[in-house]
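Visitor: I am new to this structure and would like to learn how to read it. Could you guide me through it, feature by feature?

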Amino acid sequence: MSTPVVSDLSSPGPPVAPRDVAEGADPVLEIRGLCVEYGFGDDAVHAVSDCDLSLGRGRVLGLAGESGSGKSTLAMAAIRLLRSPGVITAGEVLFHSRSAADGEPAPTLDLLAAGEEELRAVRWSEIAIVLQSALNALNPVSTIGAQFDELLATHRPGLGRASRRDRAGDLLELVGMTADRLRSYPHEMSGGMRQRAMIAMALALDPQVMILDEPTTALDVVTQREILEELMGLRDRLGFAALFITHDLSLLVEFADDIAVMYAGRLMERAPAASLFRAPRLPYTYGLLHCFPPMHGERYRMEGIPGSPPDMRDLPPGCAFHPRCQWAMPRCRQDVPKLEPLAESRREVACWLHRDDATAPAELTLPDPAVAQPRTAPVIDASAGRAV
Amino acid sequence: MTTLAVAPNAGTETPVLEGRGLTKSFWVKRNSGLLARRSRLHAVDDVSVQLDAGAVTAVVGESGSGKTTVARLLARIVKPDTGEVLLDGHPVAAARSRKFAAQVQMVFQDPFASLNPVHRVRHHLTRPLQIHHTADGDVDEAVLQLLHRVALDPPAKFADKFPHELSGGQRQRVAIARALAVRPRVLLADEPVSMLDVSIRLGVLNLLADLRDRERLAILYVTHDIASARYLADTIVVMYAGQLVEAAPSVTLTDSPAHPYTQLLLSAAPDPERLERPVLAARGAPPSLLAPPPGCRFHPRCPHVMEICKRMAPPTVTVSPDHAAACWLHVDPADRVVDGAGVTPGTSPNPEGEAEVQRPP
């Protein structure tokens, strides 16, 4: 059952203008003006409000936010897997597919307008998901091999039993497991192995997009790094794009190309990972970066962000972050800022401090370290100083 | 934080709470029906920790390393198989007495589970005040005082709330206030911030730091997050597979780790500041505690493994003043040869231990 789209419930907003993708590269998944509500009418909770996000082909886009900020809701709604009482009230999600055979662009599909059959054709084969709890995602009463077999038999009817088994074994080896694990039940494996098996299953049909929803949150740091390194290696080899959802911003700085920050159901800042880390523009991002104690150097008292995340049923007016913002202005208490590009091109921010004639504080105007950077080796701009 | 003194009194004072040689194993049931049998799970093996007044000691380890069991042993919630707990240098009676509870209090990981949802905050704080007679007269006034101490202002407003009306950070503050109600000298905090949102974790850590500095509490901080341990703690002890592998002042430990496992943990921890992708110092997973490998329990994963590591448990070596590591690498090669104690026939590597050496590729 797919998440219902009830677009007539929302007030007719301004039409969503097709916007240039920030990185200019060709997007594989474009989310435009997506709104998701839990419940109907006046009591509805606006879990996701007016989100625009685009995932470039072969890129890793990190989506950071605290619990309840709507990051998982956004991703699940985009593939219409959000459970009741979640309803999509506005927006479109464009999937720009490419045929696996010749790389030719296939017709663009709006996932929010698609029917069950069209969604079935896309889910898992083109857009796969890895969830936080592999123990819940895997079937406890059948072996890993049987689950692979069922998956491949359904989606690749041409394959014989033996070739399905070979393919399953190859997939497990791809994620650092041995093929004899096909005989294991999920409960016989450690948490890290289950998550690896889950990733292998997500890769089984060569998807163009992987949605990673807190894939390593339940794991120990050593296993977490092993799995993320493997995933990024596979990304380089197989070329899928990934939407990586996590609450751990410090992890995204290391592993994502671009990072989008969500707060209270809205996208608040979007920038290349190194730029966001070295030179945040949004007060919330700045505060969040100062919530991770450093591993080196002098220890000093850090204050984090005062207050606590807002109650989604009772959001403050204006910018939802203003009660916790040290630079809040009168305007922040009244008007909701929109995510708009900054002069520096590749990044967007939703903050009044960067609009019109407002003067942004020095902390939020650190020089952006280069625009295009290799993913693995962020260049430190000496003049930028230490952001954390 | 205001004081960053490392190794607060370096053994000159008697520690407030001390665990000596704590060992605990649990019996777990494996299989079912005719094949059912009970096996011994070695959760904690010969662990000694000291908690000094006005200092935070962090216990860092992966899940299953036994760090929570150590906290529970120190709180006398779990009885050790061998070893003893000393309060002010005196052994504590086996039963958990009210007198002991008035000195040593625990703060649990999940503030959503540790507060009773049908009672207001006032009730949670009134109960310990009444049971331990620590209110000095006006109980209501004492409740407000407690809320003020954990920075829940205005106290009168928070006293009348139910747990579900509070955010996670506020709930954890209430749980800390409840622990403080009996005027303890030791606080055992088991992963107090891991369930909280990132943006409010520092607030709770800073509260613990303030309690240490202002009220000279001895605090045990159990965590899997080595960065937060470095931030808060004066001393860090690292646990692996139920054993202590390294102990040092926190900056020393994170800046110059001596044990290969600590090096592995540090190489795996997220660190946006680092310039290039770290090379993981080792791979694989911790061993099963039902049949821990012989010798050093880390040897199947250790990149520097030597023959002796597989056969004999390493001694605790003083790497530098206040810095100890249990690793053969820090033993003079001349002394690594089997000495008087000798390698007894029972310590030869068993087949299971050998199998552990191979990790999944």
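Visitor: Of the contacts in chain B with a separation of 6 or more, what percentage is accounted for by residues 24 or more positions apart?

Guide: Please keep in mind that this is a predicted model. In chain B, residues 24 or more positions apart account for 65% of the contacts with a separation of 6 or more. Chain B has 11 helices and 12 strands, and buried residues make up 48% of its 361 residues.

Visitor: How should I read the strands, and in what order do those of the open sheet of chain B lie?

Guide: In general, the strands of a sheet pair through backbone hydrogen bonds, either parallel or antiparallel. Here the open sheet has eight strands in the order 6-7-8-3-9-10-12-11, with mixed pairing. Strand 6 and strand 11 of chain B are the edge strands, each pairing on one side only, and neighbouring strands of the sheet are turned against each other by 20° on average, direction ignored.

Visitor: Which strands of chain B show the parallel sense, and which run antiparallel?

Guide: Strand 7 and strand 8 of chain B pair in the parallel sense over five bridges, and B:Asp190 has B:Val222 in strand 8 as its bridge partner. Helix 1 of chain B packs on this sheet, touching strands 3, 6, 7, 8 and 9, and its direction makes about 155° with that of strand 8. Strand 11 and strand 12 of chain B, by contrast, run antiparallel and are joined by four bridges, with B:Ala325 in strand 12 as the bridge partner of B:Val317. In the hairpin of these two strands, which has two residues between them, B:Asp322 takes a positive phi near 70°.

Visitor: Which residues touch the most other members of the largest nonpolar core?

Guide: In soluble globular proteins, nonpolar side chains tend to be buried together. In this model the largest nonpolar core has 203 residues, of which A:Phe244 and B:Tyr221 touch the most other members. Helix 7 of chain B gives the most to this core, with eight residues. Leaving aside neighbours within four places in sequence, B:Tyr221 is in contact with residues including B:Val56, B:Ala189, B:Leu208 and B:Leu232.

Visitor: How many residues of chain B are in contact with chain A, and where do they come from?

Guide: There are 38 residues of chain B in contact with 39 residues of chain A. Helices 6, 7, 8, 9 and 10 of chain B each supply at least two residues of the side that touches chain A, and the largest share, seven residues, comes from helix 7. The residues of that side divide into 19 nonpolar, 10 polar and nine charged.

Definitions and conventions:
Residues numbered from 1 in each chain as written. Chains lettered and ligands numbered in written order. Predicted model: local features only at pLDDT ≥ 70, side-chain atom pairs only at ≥ 80, totals over all residues. Contact = placed C-beta atoms within 7 Å. Nonpolar A, V, L, I, M, F, W, Y, C, P; charged D, E, K, R; others polar. Pairing = 2+ DSSP bridges. Buried ≥ 20, exposed ≤ 12 C-beta atoms within 10 Å, placed from the backbone. Core = buried A, V, L, I, M, F, W, Y, C linked by C-beta atoms within 7 Å. Axes fitted to C-alpha atoms, helices over the stretch in contact; angles between N-to-C directions.
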